[in-house]
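Take a look at the sequence and the model below. This report walks through a few helices and loops, one at a time.

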Amino acid sequence: MKHFLRMLIQVCLYFYCKFLWRCLKFVMRKLTGRCELQRICYNTKPGASRTMKIETSLRDSKSKLLQTSVSVHPDAIEKTIDDIMELKKINPDINPQLGISLQACLLQIVGYRNLIADVEKLRREPYDSENPQHEEMLLKLWKFLKPNTPLESRISKQWCEIGFQGDDPKTDFRGMGLLGLYNLQYFAERDASAAQQVLSDSLHPKCSKFSKTEWEKKRMDKAIGYSFAIVGINITDLAYNLLVSGALKTHFYNIAPEAPTLSHFQQTFCYLMHEFHKFWIEEDPMDIMEFNRVREKFRKRIIKQLQNPDMALCPHFAASEGLINM
């Protein structure tokens, strides 16, 4: 009975707050002469703060047009904005900036949804050793990470040197499908020197760039490494879950002036690999069995950072300049 009453109170509060919020919006429109979308665009700086408010406003609207606008095809965005302006009785000649701002926000919102679909498609595609394209990507991964060491054969214990578990890496891609391979190859190709350094440090943590004094200060005499490729697939899983949960909206809405793409996702993976490597060394785990603890602590730190609406995880590749004056 108590549980039922608690549920009833929560439902009543929800509808009361919703009614109160609609009344408040009506009053604000009468006082300012602007609808909620106008107030957000004119009073909130471009980036995640503005786009997330616009997304919430559209999704929670009573209008079917506004509700569905967050999932239209990218080619239909301009027409959708025209329809919204007409519905809200906003003259585009008097308010030209509103259309530009709404377009930027919708491109990001729709783009994020499409990015999830693209990433999910790669995750669901299994590695196929009979597919020449898949095999070529795998062999390139070796070449980028070990440019001076030829791979003796496709099935080889050498794969353990870059962090796979056995003599055939295909079995390690089961959890994340092709997405894991795509990310590892992107990191190894686009940021070759950093990827090779992280690989070297993961194999020989005492030989990293820390000075002897720093190692002693951090009690690194027992420092241990990790399996580079396996951790890369695990960090892919982390990036995937951050994306699907919506946690990465803050980051992507701040760094992508238009629609976030697969390249943005892969660059974010590179950043997470860099940061996890540093975090692993700082945590100084006693053995590899502490991996899950370290990984969970790292995940919580990233999520906390993403709760800041101004956060861009990797501003070195940000296109944030393009967001100004949108």
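What is the handedness of the crossing of α11 and α13? The crossing is right-handed. Keep in mind that this is a predicted model.

## Helix α11

Start with α11 itself. The helix covers residues 228-245, 18 residues in total. From first C-alpha to last, α11 reaches 26 Å. That is close to the 26 Å expected at 1.5 Å a residue.

The buried residues of α11 are F228, A229, V231, G232, I233, I235, T236, L238, A239, Y240, L242 and L243. After the helix comes G246. The phi of G246 is positive, near 95°.

## α11 against α13

Two packed helices are described by the angle between their axes and the distance between the axes. Helix α13 spans residues 262-283. The axes of α11 and α13 come within 10 Å. They cross at roughly 125°. The two helices are therefore oblique to each other.

Which residues meet here? On the α11 side they are F228, V231, G232, I235, T236, A239, Y240, L242 and L243. On the α13 side they are F265, F269, L272, M273 and F276. By class, this contact of α11 with α13 holds twelve nonpolar residues, two polar and no charged ones.

G225 sits in the loop between α10 (212-217) and α11. Is G225 buried or partly exposed? Its relative accessibility is 22%, so G225 counts as partly exposed. G225 and I281 are 56 residues apart along the chain. Their C-alpha atoms are separated by 8.7 Å.

## α6 against α8

Now turn to another pair. Helix α6 runs over residues 96-124, and helix α8 over residues 177-190. They pack at an angle of about 105°, with axes 3 Å apart. That angle makes α6 roughly perpendicular to α8.

V119, L122 and R123 in α6 meet G177, L178, L179 and Y182 in α8. The residues of this contact divide into five nonpolar, one polar and one charged.

## V70 in its loop

V70 lies in the loop between α4 (64-68) and α5 (77-87). With a relative accessible area of 5%, V70 is buried.

What does V70 contact, leaving aside its neighbours within four places in sequence? The partners are E55, L58, L106, I109, V110 and R113. Take L58: V70 and L58 are twelve residues apart along the chain, and their C-alpha atoms are separated by 7.1 Å.

Notes. Residues numbered from 1 in each chain as written. Predicted model: local features only at pLDDT ≥ 70, side-chain atom pairs only at ≥ 80, totals over all residues. Heavy atoms only, no water. Helix = DSSP H or I, 4+ residues; strand = E, 2+ residues; numbered from the N terminus. Expected span 1.5 Å × (residues − 1). Buried < 20%, exposed > 50% of the residue type's maximum accessible area, 1.4 Å probe, protein only. Axes fitted to C-alpha atoms, helices over the stretch in contact; angles between N-to-C directions. Parallel < 35°, antiparallel > 145°, perpendicular 65-115°, else oblique. Left-handed = near helix turned anticlockwise from the far one by under 90°. Contact = heavy atoms within 4.5 Å. Nonpolar A, V, L, I, M, F, W, Y, C, P; charged D, E, K, R; others polar.
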